[in-house]
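Hi everyone, thanks for coming. I have one structure to walk you through this morning, so let me put it on the screen.

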Amino acid sequence: MADVHQKNHDYHIIDPSPWPFLSSMGAFVLALGGIAYMRWLNQSDLHLFGINFVGPWLFVIGLILVLYTMYGWWSAVIKEGREGHHTRVVALHLRYGMIMFIASEVMFFAAWFWAYFDVSLFPNEAHQVARAAYTGGVWPPKGVEVLDPLHLPLYNTVILLLSGTTVTWAHHSLLHNDRKGLIWGLALTVALGLLFSSVQAYEYMHAPFEFKNSIYGATFFMATGFHGFHVIVGTIFLAVCLIRAMRGAFTPTNHFGFEAAAWYWHFVDVVWLFLFFAVYVWGGWGAPMAEG
């Protein structure tokens, strides 16, 4: 008599999981708390159903729930891989999913670049009266000092390009079963990611323009700021891979978790190169540069 539980296909049918529900609830609470906190920041008497939506606690609860779900869900995926459920077909579909995710991230940045190029290429648009008033009909806007692209931005460009080589070194070492090279390559990549974020934070603190009351500042901080957020996410992604590698995870034939992190990091590198030349170099051409 045939065993009804015997697996006769290359797919993995997962057991009932709470993570999709928890992730959707966490995202909802996170968005609700964040929007309420920003929208009614200066109103201390706003209550709904006895809940004070002004304080950040609702946002914090949503963030904790999202982070807990991420940890639990990805831990379950790692466990599935260790148990042998990631067959060639499943691994291929995981790669398809990562490719689609990166493609969606490309579209995400396309929106910010669209906004930046729209205002920079058409600073005196006849149908945008307020835009002409803010820009003075030129780009960069009149009275705006820009950052020297050959100072901290170029320094950060070198950092990210170097990090791309170290993560490639780590991948090459893994393929040749060089555990020491894998760990050192990942450690250097994480260190370079932290250095990039530190330099960008310093740059933001000393920027000669602000986010508010400035089209240049708004488009600059939205584009570079979201990239900086992706660098932080990628650094955490690689740090988790480093911890797993130090614990003996990943083999030359089974290492999709690290491969996905490397893809994501290379995507972050490419976006920064486009940002560097479009925003820092071309976008600030001809404007006075801030000292220091």
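Predicted model: local features only at pLDDT ≥ 70, side-chain atom pairs only at ≥ 80, totals over all residues.

I'll go through the overall layout, then the pockets, then a handful of individual residues.

The chain has 292 residues, and 37% of them count as buried. Its secondary structure comes to 8 helices and 2 strands. If you follow the sequence along, the pattern reads α-β-β-α-α-α-α-α-α-α. As for the contacts, take those in the chain with a separation of 6 or more: 74% of them are between residues 24 or more positions apart.

Now to the pockets. The general idea is friendly enough: roll a probe the size of a water molecule over the atoms, and you see where empty space is left.

The largest pocket has a volume of about 1700 Å³.

Next, the second largest pocket, with a volume of about 450 Å³. It too takes lining residues from both domain 1 and domain 2, so it lies between them. Here 21 residues form the lining, and His12, Ile14, Asp15, Ala76 and Glu80 lie nearest the centre. Which helix gives the most to this lining? That is α2, with 5 residues. Helices α1 (19–39), α2 and α3 each supply at least two residues of the lining of this second pocket. Its lining residues divide into 12 nonpolar, 5 polar and 4 charged.

Let's move on to the aromatics. The structure holds 30 aromatic pairs, and I'd like to show you one of them. The ring centres of tryptophan 139 and tyrosine 216 are 5.4 Å apart with the planes at 45°, so this pair is tilted. Tryptophan 139 sits in the loop between α4 (129–135) and α5 (152–175), while tyrosine 216 belongs to helix α7, so the pair ties together parts that are 77 residues apart in sequence. Both of these residues are buried.

Stay with tryptophan 139 for a moment and look at the backbone. The peptide bond from tryptophan 139 to proline 140 is cis, with omega near -5°. Proline 140 is in the loop between α4 and α5. As a reminder, most peptide bonds are trans, and most residues other than glycine have a negative phi.

That brings me to two residues with a positive phi. Asparagine 177 is not a glycine, yet its phi is positive, at about 60°. You'll find asparagine 177 in the loop between α5 and α6 (179–205). Phenylalanine 250 isn't a glycine either, and it has a positive phi of about 75°. Its place is the loop between α7 and α8. Which of the two terms, buried or exposed, goes with asparagine 177? Asparagine 177 is exposed, with a relative accessible area of 57%. Phenylalanine 250, on the other hand, counts as buried, because its relative accessibility is 5%, and the cut-off for buried is under 20%.

Setting aside neighbours within four places in sequence, threonine 157 is in contact with Trp272, Leu273 and Phe276. Serine 173 is also found in α5, and with 4% relative accessibility it counts as buried. Again leaving out neighbours within four places in sequence, serine 173 is in contact with Asp178, Gly181 and Leu182. One more distance for serine 173: tryptophan 184 is 11 residues away in sequence and 9.6 Å away in space, C-alpha to C-alpha.

Methods. Residues numbered from 1 in each chain as written. Heavy atoms only, no water. 1 Å grid on protein atoms, 1.4 Å probe; cavity = no way out; pocket = protein on both sides within 12 Å on 5 of 7 lines; lining within 4 Å. Points joined across faces, edges and corners; volume = space filled by probe spheres on them. Helix = DSSP H or I, 4+ residues; strand = E, 2+ residues; numbered from the N terminus. Nonpolar A, V, L, I, M, F, W, Y, C, P; charged D, E, K, R; others polar. Domains from an automatic or database assignment. Phe/Tyr/Trp six-rings, centres within 6.5 Å; stacked < 30°, edge-to-face > 60°. Buried < 20%, exposed > 50% of the residue type's maximum accessible area, 1.4 Å probe, protein only. Contact = heavy atoms within 4.5 Å.
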